[in-house]
Amino acid sequence: MPSALNLEAAEDLAFSTSLAAKLGQLEPSHLETSSQILGIISRYKLARDVSLVTANDGYFNFLAQIYSRVATGEAILMCLPAFPFKSPNTSTKVLGRLPDKAEEFALAHLDGLCAAVEDIYAPGARLMIVSDGLVYNDLLGVPDKDVWAYGETLRALSVRLGFRRIEFCRLKDLVQVDLPDELDEIRYVANATNFRYALLKQFSNPGYNVSLRISEDEDTCLTYRGYIKFLETDLQNVYPIGEGRSKSKYKKGIEYIAKQMLMRGDAFARAVRERFPDRLRLSIHASTGESKLSINLLPTNTSFTTPWHCSIAFRLGGTVITGHRSEFEADDTFELVHNDSDRPSFFREKSDLLSWSGSVEERGGIACEPLYPAGLLIRPAAGHGKLSICDVDASKVRALAQLNSPVVLRGFAQTCDRDLFIGKARELGEPTPWKFGLVLEVRDRGADTRGLNNVLSAEWMPFHYDGLFKTEKRVREDGTEVVVSTPPRFQFFTAVTTSPPDSGYTLFSSSTQVFKHLPAHLPLSYLRNLTWTVSTSSFNSTVIRGLPLIVDHPVTGRPCLRYHEPWPQSKTQFDATDVTIDNASTSTFSSMSKDDSDRNVERFATPSLDGMSICDTLTSLLHDRRVAYYHSWEKGDLLVSDNILTMHTRSDFTAGCDRELWRIHFD
């Protein structure tokens, strides 16, 4: 899907003419914004789903819905029937009956979608999750009480994690039922049957022929197949195959339940449309894209894309894997991790790096958990302040950062003790001072740049890696001089203050995530051939040429992006930074497999790729909410980031406010 319509192209011009016939006179800027918003939503589409194209009636209708909101400056409203209850199969499929790390990552993924819209459109977006638990739970043998507990825990999780763009509603909000003023667990369970009855009475279609719909309507058929697939495993313990129930009988029973779900689902969809007529309809099910936008709730490449149907696991390098509980339990490379409530939450790759020995274990040890979309959080397991900066295992933190940055250490004592901070930096590696000395106190200094351009300001910074402009002159074999960049390997931060609310974030984008989302026309094999030039009037008017865009990590060997976001004068009150790709029009690439490991293939010239479009794509990916981790600093946070694996930037904040970090570079 294009990021925006090209009104000079004949096909798009005809499309916009049709849109104008429906909406009236079109404002080009509103149409471009609307197209960009729809493009953002399409990033989250199911991998196995159809692609929206401008010729598709669904695309036309969705764009018209978005345009009507953009034209009046209103937030983009979406609704998603989802998050019903955990699968009843807790023995081989899911970890329990309550939300776990899979739901946490799904909510983060969805909140990121809304935030991505807000990044380009100030009114932003809000997503209403419409729980369909009570629509289907009795068909699967799930108690009404479990549906309530799942929904309440999910809402509390969303509030705790600050997902302000996500809203919730229940079946009771869609139907007309006399209810008490306060709906608690007992009243909810007592009225569950009434809610279901009201749904079918008020919204069912008496003439609905489910078998005919399956045979004639592609969306219905796709949903039916999806139901069959998950019901086979959901119900294997509820209705076990054995004496009195053959495989054939079980299969027929599954098909019957799936059809019952379709009939109820038809009534539920009608209720949702009536209750939320102006919201974009999202769906977890594969579809044709005509009436709903099918999205992936989890950042995974597997077919398990809904958190209530699977368990979630994490590799040391940050890769997310989803699948059945039994698969991970049978894999000796994974271990099960419990949350603070001692409930099973997720699987992770086993490693000695995730535990600190000696006195640390005697005092409760550490809790390590993945961050969305990348990075790792480490806390004292016994509680805030139970361990100090002195207890941090520097060698293990360094090793983890090389695999999955950033590594955030939260809840450790004495982290703002300057001497202890410097001492820990020396344990992590060899500190590398620069013009500012060893410790840089990062806070807003107004116009006092101290030779560091906008680093010590309150404005947005470009994505970059530290030390690009830390240079030295070297002599080539032919006797000529060349300016060489000598960046540090790592960054080490401590937060002297807490970040101001909803601003002053530090963003970290890992090359692992960037390359995961590269578009097909810009493969890693092509990027490897590119070099770039950077220049700025700051940093002694530095110009550096021939920088490789991709380097291999010196320890892991993984490819890493080395880049600086172009930063024109229009974006800064300080000095601009110009970036150009040296050889975009002359480089070639191979048609590779996904990991670019097969190089015995035909090579293609790519004259259509120009340096500016490559920069635009890379910059967009670095800011992509599926890639960038937004860190909101709490006083006392320590953070270690691999300066080769991960690039970073800072969001703006109110000038002069109390935001201060200390930073040390080390090799």
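Trainee: Which residue in β9 does A313 stand opposite?

Mentor: Quick ground rules: this is a predicted model, where local features need pLDDT of at least 70, side-chain atom pairs count only at pLDDT 80 or more, and totals for chains, interfaces and linings use all residues. Residues are numbered from 1 along each chain as its sequence is written, and side-chain values use heavy atoms, with hydrogens and water left out. Strands here are DSSP runs of E, at least two residues, numbered from the N terminus (helices are H or I, at least four), and two strands pair if DSSP finds at least two bridges between them. β6 (residues 311-314) and β9 (residues 344-349) pair in the parallel sense over two bridges, and the residue opposite A313 is F347.

Trainee: And in β7, what is the bridge partner of A313?

Mentor: β7 covers residues 320-323 and runs antiparallel to β6, with four bridges joining them. The two form a hairpin with five residues between them, and G318 in the turn has a positive phi of about 100°. Across in β7, A313 is partnered by I321.

Trainee: Which residues of β6 point the other way from S311 and A313?

Mentor: In a regular strand the side chains alternate between the two faces of the sheet. All four residues of β6 are buried, meaning under 20% relative accessible area with a 1.4 Å probe and protein chains only (exposed is over 50%, partly exposed in between). S311 and A313 share one side, and pointing the other way are I312 and F314.

Trainee: In the open sheet of three strands, which ones stand at the edges?

Mentor: The order is β25-β17-β27, with antiparallel pairing. An edge strand has a single partner, so one side of it is left without a neighbour in the sheet. That describes β25 (628-631) and β27 (646-650).

Trainee: Which residue of β25 does S509 stand opposite?

Mentor: β17 takes in residues 506-510 and runs antiparallel to β25. Four bridges join the two strands. Facing S509 is A628.

Trainee: On to the rings: how many residues apart are F490 and F666?

Mentor: They form one of 20 aromatic pairs, where rings of Phe, Tyr and Trp (its six-membered ring) pair if their centres lie within 6.5 Å; planes under 30 degrees apart count as stacked, over 60 as edge-to-face and the rest as tilted. This one is stacked, at 4.8 Å centre to centre and 5° between the planes. F490 is buried at 0% relative accessible area, and F666 is buried at 0% too. F490 sits in β16 and F666 in β28, putting them 176 residues apart.

Trainee: What is the angle between the planes of F493 and W633?

Mentor: F493 is in β16 and W633 is in the loop between β25 and β26, 140 residues apart. Both are buried. Their pair is tilted, with centres 5.6 Å apart and planes at 55°.

Trainee: Last one: is R264 buried or exposed?

Mentor: R264 is found in helix α10. Leaving out residues up to four places away in sequence, R264 touches V135, Y136, D138, L139, R196, L199 and L200, where contact means heavy atoms within 4.5 Å. With a relative accessibility of 14%, R264 counts as buried.
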